[in-house]
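Try each one before you read its solution.

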Amino acid sequence: MRNKKVLITGISGGLAHQVAEMIPKNWDIIGVGLRTLRPIKDRKIEFHQLDITKNKLEDIFRRRQIDCVIHMAVNDNPRISIKQRHHINVVGTMKLLEDCERYHVKKVVLLSSANVYGADPNNPVYITEDYPLRVTQHYSEISDKVEFDSYCRSWMYKHPNISTIILRPCHIIGSHVHNNLTSYLRLRYIPIPLGFDPMIQVIHEIDMARAITSCLRYNKSGIYNVVGPGELPLTEIINIVGGTPIPVPHVIGYSALKALWTMGIGVLPAPQVEYLMYPCIIDGTRFQKDFNFRPQLSLSETLRATVLY
Amino acid sequence: MLDMILRAIGSQIDASVDKEIKRRLKKLPNKLNEYNYDAWGFHPEMAQYGLQIGVWLYRYYWRTETHGIEKVPQGRVLLIGNHSGQLPMDGLNIAVAMLMEANPPRLARAMIERWFGTVPLLSTFVSRQGQILGDPKNCIKLLENDECVMVFPEGVKGSGKLWYDRYTLIDFSSGFMRMALKTKSPIVPVSVIGGEEQMPSFYDVKPLAKALGMPYFPITPTFPWLGLLGFVPFPTKYHIYFGDPLYFEGTGNETDAEIQKKVDVVKAKILENISRGLSKRKSIFW
């Protein structure tokens with residue numbers, strides 16, 4: 001019997017690299033990415049350095065019979081323009097999903113994010129997957145992520161024969177991932193909104209990679225929140241990773257951040273501060289049940305591994 | 001910020017926290033994570049400072065007496081009470097009673113106004129005390145976790161009651177009944193006596209309240225005449241009567257009329273205990 005083939009997009013990224021390491025040996029891995037791929041131990045990977053928004057991607061589908069696609073070429077770098085991000089995240093995904101349909105891929109795993117729910121003082125604790133996506137009410141700059149999520153969702157309903165799994169993980173942290181929260185936590189002096197200390201959920205990159213690979217084992221379709229070992233207040237997280245919190249009144253912090261960001265030196269885009277003020281606590285029990293998934297690292301192990309490069 | 005203040009001065013005031021409070025906080029059945037937090041942000045190490053003040057007020061300012069607290073069943077339970085007194089001291093007194101007088105101790109979690117979550121410091125403070133945003137999803141989740149939730153179905157309109165309406169009940173919102181039925185939780189009617197006299201309000205200046213973003217603007221013997229000092233409630237004596245637990249049958253999807261019948265049963269029980277308590281009371285202050 002031939003080995004099954006999995007296509008991983010965005011394989012050069014920190015998290016995707018760990019997913020590739022974890023994929024069982026009876027799968028052949030084909031990777032596409034923009035940057036060169038660091039070699040993976042004991043693993044031969046067919047790597048194509050290309051842009052998924054270009055037509056060259058389709059040729060891989062023509063030549064290889066792909067069984068599963070893990071789509072991780074989703075860009076959430078707030079530094080690049082919304083237009084560019086929209087092109088990568090929405091147009092790129094549309095093209096990829098078209099190819100999946102045309103070349104009879106049996107399973108598609110899509111990486112969205114719990115950020116699409118948005119942080120809000122009115123959020124209940126334990127947001128389930130049917131909760132409205134209202135992040136753009138405060139933070140329109142990540143509308144591409146919401147559009148990506150909605151596009152994937154409607155595609156999933158249109159293709160009931162393809163196992164489509166949309167993952168909405170909480171904040172992924174770890175020494176290989178680079179996102180807003182990790183770059184924020186790696187500061188020595190960490191500004192925090194004065195008087196606010198929301199609960200925050202984190203998942204370690206290894207646990208997240210494990211969650212993504214577990215999608216290969218089960219023939220399910222759906223949207224799933226993915227959570228790690230638990231939730232902690234922002235200040236407690238900062239203390240554990242060893243930073244020094246500096247409380248700044250919201251009004252000052254917000255405008256300062258906005259000014260800095262325009263000059264190109266801020267760490268976070270200003271509306272991102274909402275996530276440091278209000279809760280966005282998601283319910284991950286559905287994923288845990290359907291995919292038999294338990295995060296293996298404790299809260300302290302998860303957080304301690306974040307700042308060490 | 002609150003964390004930083006308490007971390008800085010916590011070691012000095014830690015010794016001043018009543019040992020009984022610490023002991024009872026440890027005995028709470030709540031599930032906490034490895035750093036002693038729950039998902040809503042309750043943290044006993046920080047809650048103890050607020051509780052120290054609450055317990056002092058309960059014991060020495062209001063000299064609260066509880067009756068029938070042993071009737072509160074173990075496991076999931078909804079405490080439904082009458083609301084009064086302009087400031088939510090009734091909630092505070094019930095919560096302290098459930099921690100200090102119930103055996104084993106329970107954390108009674110109030111469903112608070114949404115507004116709290118937007119106020120710096122206060123939002124952190126209330127969530128570390130174990131209070132939660134008044135959203136039905138929160139309430140259902142807590143009941144499913146076998147916790148004790150406290151609801152005042154009269155809402156802010158109830159606590160803003162005028163002196164002439166004291167110890168009557170205004171319209172109950174019926175959401176609590178649906179949540180009780182959905183989660184099959186018993187309801188304990190709680191009647192609070194003493195709250196109505198702590199800050200008797202003779203008139204509610206609605207336009208002023210609206211302009212200031214307050215739920216009501218009471219005119220009391222001391223407020224607004226004494227400025228902020230007028231916010232200090234009178235040291236009336238509190239009595240809290242816990243009624244027998246009520247078990248209702250249903251799915252939570254009944255029509256409003258059917259739910260209302262069940263709500264009226266709870267209301268009647270609360271009123272019955274209020275009038276019993278009032279007739280036994282010798283004086284407002286002792």
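Two strands pair if DSSP finds at least two bridges between them. Keep in mind that this is a predicted model.

**Exercise 1.** Find strand E6 (residues 187-193) of chain B. Which strands pair with E6(B), and in which sense?

*Solution.* 

Step 1. Start with strand E2 (residues 77-81) of chain B: 4 bridges join E2 to E6(B), and the two run parallel. To see one of these links, go to B:Gly81, whose bridge partner in E6(B) is B:Val190.

Step 2. Now look at strand E9 (residues 239-242) of chain B, which pairs with E6(B) in the antiparallel sense, again over 4 bridges. B:Val190 turns up here too, with B:Phe242 as its bridge partner in E9(B).

Step 3. Sort them by direction. B:Ile187, B:Pro189, B:Ser191 and B:Ile193 point one way, while B:Val188, B:Val190 and B:Val192 point the other way. In a regular strand, side chains alternate between the two faces of the sheet.

**Exercise 2.** Describe the side of chain A that touches chain B.

*Solution.* 

Step 1. Count the contacts: 23 residues of chain A meet 23 residues of chain B.

Step 2. Locate them. Strand E11 (230-233), helix H7 (234-241), strand E12 (244-248) and helix H10 (299-307) of chain A each supply at least two residues. E11(A) gives the largest share, 4 residues.

Conventions: Residues numbered from 1 in each chain as written. Chains lettered and ligands numbered in written order. Predicted model: local features only at pLDDT ≥ 70, side-chain atom pairs only at ≥ 80, totals over all residues. Contact = placed C-beta atoms within 7 Å. Buried ≥ 20, exposed ≤ 12 C-beta atoms within 10 Å, placed from the backbone.
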